[in-house]
Amino acid sequence: MEANPRSTGRLPAAFLTPGSSSFMDFLSAHSPDLLPGNRELPEGIVEAPHGTTIVAATFPGGVVLAGDRRATMGNMIAQRDIEKVFPADEYSAVGIAGTAGLAVEMVKLFQLELEHFEKVEGATLSLEGKANRLSTMIRGNLGMAMQGLAVVPLFAGWDEGKEKGRIFSYDVTGGRSEEHGFAATGSGSIFARGSMKKLYRDDLTEQQATTLVVQALYDAADDDSATGGPDMARRIFPIVTVITDEGFRRLTEAESSELARSVTERRLEQPDGPRAALL
């Protein structure tokens, strides 16, 4: 009789010789119940905390990805200091909007997916390949999305082949679009996008790009109740990350707080923000 791998403490051979460079394919074959999209939901309306606004902007030399800190549940603030922007690997990052718990879990699986590929293949995926893998994961969550538990991330990174920062947006079906210049997703995205549309230039410096995304998040919070602005009393500020040919970097708390304070103090003089030229 063949020994039970669990009783011997040894892993099955399939676990030691994965047949695919995709961790998601491996998990689907051996433990499909662990995938977020395969879980059974109770009947009726499922209420869960939702992350809101994520913004991104490119500049010569890289890309900036940022998010506010508020999570809502209906008309209530569920969390004031949620983190919505995460490194996917050394040269890319993902910002989450939608059902917070599922989104964070999807990000962790995405990180494992990229790490698994690199270990099996001995090379990293191209930025385009990473964007495609994330698209597949979102499509796998379609059943949940149809029940109101959608995850709609924003993906950004440094493309080593094209030597520039790139941004990818998604819909709930996993449809992927490359955004040029700037992008936003989440409940406050329409206001953030309008803000960036008037302020964005293709010759921004890194400092100007980080200021741009904080201005956009401020404008989103000004008009969208689900988006949180800088909270000076609690010292809660947007998460701002920068990805260049040197890799992923998150602004320190001191850097993000100084940036948020500068924008807020300027708004005391101009509540509606900086003005764009008419012509």
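Q: Is Phe182 buried or exposed?
A: Happy to start here: this is a predicted model, in which local features need pLDDT of at least 70, side-chain atom pairs count only at pLDDT 80 or more, and totals for chains, interfaces and linings use all residues. Residues are numbered from 1 along each chain as its sequence is written, and side-chain values use heavy atoms, leaving out hydrogens and water. Buried means under 20% relative accessible area, exposed over 50%, and partly exposed in between (1.4 Å probe, protein chains only). Phe182 has a relative accessible area of 15%, so Phe182 is buried.

Q: Which residue's side chain has a polar contact of 2.5 Å with that of Thr227?
A: Thr227 is buried, at 2% relative accessibility. A polar contact is a pair of N or O atoms within 3.5 Å; within protein, one must be able to donate a hydrogen and the other to accept it, and residues adjacent in sequence count only if both atoms are side-chain atoms. The side-chain partner of Thr227 at 2.5 Å is Asp224.

Q: How far apart in space are Gly188 and Ala221, C-alpha to C-alpha?
A: Gly188 is buried, with 0% relative accessible area. In sequence, Gly188 and Ala221 are 33 residues apart. Their C-alpha to C-alpha distance is 7.1 Å.
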